[in-house]
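Open the structure in your viewer and keep the selection tool at hand.

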Amino acid sequence: MALGSSPAGASRTLSPHARGRDRLIFALDVGTLDAARELVRRVGGEVGMLKVGLELFVGYGRESTDLVHEHGLELFLDLKLHDIPETVSRAVRMAAQLGARYLTVHASGGRAMLREAAARAAEARAGGGKLEVVAVTVLTSLDTVDLASQGIARDPASHAVALARMAWEEGVRAFVCSPGEAAALREQLGPTAVLITPGIRPAGSAVDDQKRVSTPTGAVQAGADCIVVGRPIRDAHDPAEMARSLAAELDAALEARS
Ligand code: C5P
């Protein structure tokens, strides 16, 4: 049964009419602020949101998030928090002060941690902010064998669904999952859940360390709202052109879905 019809404090922050470009999140996975600045200069106009992840944030902290705001873009702060509830709670407050639109936490951090994180984000929104907590279900670099080695006797899809349901019950309304799990999460969580899928590759390109990948079209067909793309744009001969082509593919897939 879908959980989406019981929206305790649900806050869907993405317009259902958003265009492909607005749904494209570019991961700024580079090691220096100068490299990030150069990429933002080239690609910023072609994407809806910029993702600052561990590398840049550990290296540069607030300077890395200010860079996103300087270009008038939304900040997806991908810190994948996983700690005791009190520590995560305080970190979520800090992320709200950084002006993040989305902040990731690991769903596997447990119910109390998820509840705290969602509550602090709701508090920030009530105070005029826009922060939404995103629960990361199962990393797209993990497969069934990796889960088994952690003592988890489920395949990634079933585990992702179980984690997402738990996070939903604790007030989280946005989720990171692989494209292969998006359809199952959509079915379980209903239309108001925001589903964000990394592990995106243009047809025929290298998969790198991602084990569960899809094209942008496949992600949209599976029910994804937004896609996260890093290396395919960062390493492209023409990053702006690659971003444009991914956004155009999203537009076509959204059109076909509607
Ligand atoms: O380079 P690529 O497109 O594979 O980058 C994917 C981005 O999405 C990386 O920044 C990675 O940290 C992030 N991510 C992921 N899988 C998740 C959550 C986030 O690959 N489950």
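A polar contact here is a pair of N or O atoms within 3.5 Å; within protein, one must be able to donate a hydrogen and the other to accept it, and residues adjacent in sequence count only if both atoms are side-chain atoms. The model is predicted, so local features need pLDDT of at least 70 and side-chain atom pairs count only at pLDDT 80 or more, while totals for chains, interfaces and linings use all residues. Residues are numbered from 1 along each chain as its sequence is written, and side-chain values use heavy atoms, with hydrogens and water left out.

Select the ligand and Lys80. An N or O atom in the Lys80 side chain is 3.4 Å from an oxygen atom of the ligand. Next, pick Thr140: an N or O atom of its side chain is 2.8 Å from a nitrogen atom of the ligand. At Arg231, a polar backbone atom is 2.7 Å from a ligand oxygen. Taken alone, the ligand exposes 460 Å², and the protein buries 88% of that (accessible areas by the Shrake-Rupley method with a 1.4 Å probe).

Move on to the pockets. On a 1 Å grid over the protein atoms alone, a pocket is an open set of points where a 1.4 Å probe fits, with protein on both sides within 12 Å along at least five of seven lines; lining residues have an atom within 4 Å of a point.

The ligand sits in the largest pocket (more than half of its atoms lie within 2 Å of the pocket's grid points). This pocket has a volume of about 590 Å³. Select Asp29, Lys51, Asp78, Lys80 and Gln210, which lie nearest its centre among 27 lining residues.

Last, go to the second largest pocket, which holds about 190 Å³ of space. Of its 11 lining residues, Pro16, Ala18, Arg23, Leu254 and Arg257 are closest to the centre. Its lining has 3 nonpolar, 2 polar and 6 charged residues.

Conventions:
Grid points are joined across faces, edges and corners, and a volume is the space filled by probe spheres set on the points. Ala, Val, Leu, Ile, Met, Phe, Trp, Tyr, Cys and Pro count as nonpolar, Asp, Glu, Lys and Arg as charged, and the others, Gly among them, as polar.
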